[in-house]
Structures are given as structure tokens and as C-alpha cells.
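Hello,

Here is the structure you will be taking over. Please look at it first, then read the notes below it.

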Amino acid sequence: MAAKLVVQDLQKRFGDQEVLRGASFTFEQGKIYGLIGRNGAGKTTFFNCLNEDLPRDGGSFHLVDDGGNPRPVTADDMGYVLSTPVVPEFLTAREFLQFFLEINRDRIPYPKAPDVYLDYMRIDEADRGKLPKDFSHGMKNKMQMLVNIMADPTVLLLDEPLTSLDVVVAEEMKGILRALKEDHILILSTHIMELALDLCDEIVILNHGVLQEVSAAGLNEDEFREKILDALREE
């Protein structure tokens, strides 16, 4: 298990627009990082570069294990929960999990029955025989989160994962993420400051293409909020 994800001078442009201008940060296992930025700041672009869905124009990233040894990031290391979940069209929730287990048998060393995972995610028995394409947005998001958890990636990228969930389900998911962080590196992007303050251990601002940690040391909650807002307002 990697101890750190080290991002160095990550750059990405679209034509004349420079979205990432040398973003650098070290994300550590055992923490949930809240990635905050204004609309269009490049949070999803940053995730897409880390997941290698987009080619980067410069910079690099790698993992560092518990012994301090660097190694490249592989596809199995990275999980990505998209803001718009993609679910199967013609498989029920239970069938989808069984299919996912079969095609990932080498990645999941101790597979369980689909219903064990569905119990874990608190998906109702009545919904397990339904097609996920007919689920609500929030339920689709739970299914996407579940398969990422099953794959057990080193790094889990979460792009606005809780905004579509009702209050009860959102609290359940917060509990799951808090339990996951001990053995994983979790980076959660959001534009909702209250969510970031409630769930995340550290706040990282993406502004003008660079990453900046906002420390809460010595500040009360109101002062911390204002410090975050000040960082987002910087021109």
C-alpha cells in the first residue's frame, strides 16, 4: 500500500487556456482531502489527468510506498467516482456486481457474494433485481462508489460524489469514506464548503491552475472559512 501520491508540476492547457499551471501537492494515506475551487477552476481536469483520461502537457505524479520507495501509478492504483455516474443498461444491480467480480477476479483476492456488497452499501433488497439505469442519480452514484470500493484502489478520486444524495444516504456515505481513509488516499472535489469542512481532514484549493493547502492551525471555524474564501478570491 502506498503511503503518498506525489504530484509534481502538473500542466494542462486547452488551446490558449492554461487550466493547470504547475499543480504540485503530496497527498497522504489516512486522510480525506477536500479539493475546492470555483466553477471552471479545473478540478475535473486535474482528476482526468491523474486518471490518465486526459494527456497532461507537463509534470508527473507517482506513488511512494511505506518504505519511501517511489513507483509509477498503474491503472489498478486509481479509482474514479465520476460526478455523472455511468451504469450498465441491461444488467440488474446484482448481475452487474457478479459480472464485475468475474472480470476483476485477479484484482479482488477475496471476493464475496454480490449481496454482501449490496448490504454494505445499504441498497434495498427490492432494488437489487432492478436495472441501475432506472435508479435515481443518487442510487447510481452509490453503485459507482461500490464497484470502486470493491476494486480497492490505492487512490480514490471522488468528483462531487455526495451532492445528489439525500441527507440520510449522504451521512451513510460519509461514514464509509471515513472508514476507507485509513488504508487509502482519498481526494474529494466539491464546491460545497460545508461538506468539505465536515468530512475532510485537509483542504486544498485549486486556483489559477495551482494547488494550495489551507491550514486550519490556530483558527476557529469562522476564521478558517474566511481564510478559504480569501484564497478563492485571490486574483
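Lys142 is buried, because its relative accessible area is 3% and the cut-off for buried is under 20%. In this predicted model, Lys142 forms a salt bridge with Glu172, and the closest N and O atoms are 3.9 Å apart. The pair links distant parts of the chain: Lys142 lies in helix α4 (residues 137-151) and Glu172 in helix α5 (residues 167-180), 30 residues apart. Glu172 is partly exposed, at 22% relative accessible area.

Helix α5 also holds Arg178, which is 20 residues from Asp198 in helix α6 (residues 193-199). Arg178 and Asp198 form a salt bridge, with 3.8 Å between the closest N and O atoms. Both count as partly exposed: Arg178 has a relative accessibility of 34%, and Asp198 has 40%.

A further salt bridge joins the side chains of Lys130 and Asp127, at 3.1 Å from N to O. Here Asp127 is buried, at 15%, whereas Lys130 is partly exposed, at 42%. The structure holds 22 salt bridges.

Now the strands. Which way do the residues of strand β6 (residues 78-81) point? Met78 and Tyr80 point one way, Gly79 and Val81 the other way, and all are buried. In a regular strand, side chains alternate between the two faces of the sheet. Strand β6 pairs with strand β7 (residues 155-159) in the parallel sense, over four bridges. Tyr80 stands opposite Leu157 in β7.

Regards

How values were computed:
Residues numbered from 1 in each chain as written. Predicted model: local features only at pLDDT ≥ 70, side-chain atom pairs only at ≥ 80, totals over all residues. Heavy atoms only, no water. Buried < 20%, exposed > 50% of the residue type's maximum accessible area, 1.4 Å probe, protein only. Helix = DSSP H or I, 4+ residues; strand = E, 2+ residues; numbered from the N terminus. Pairing = 2+ DSSP bridges. Salt bridge = Lys/Arg side-chain N within 4 Å of Asp/Glu carboxyl O.
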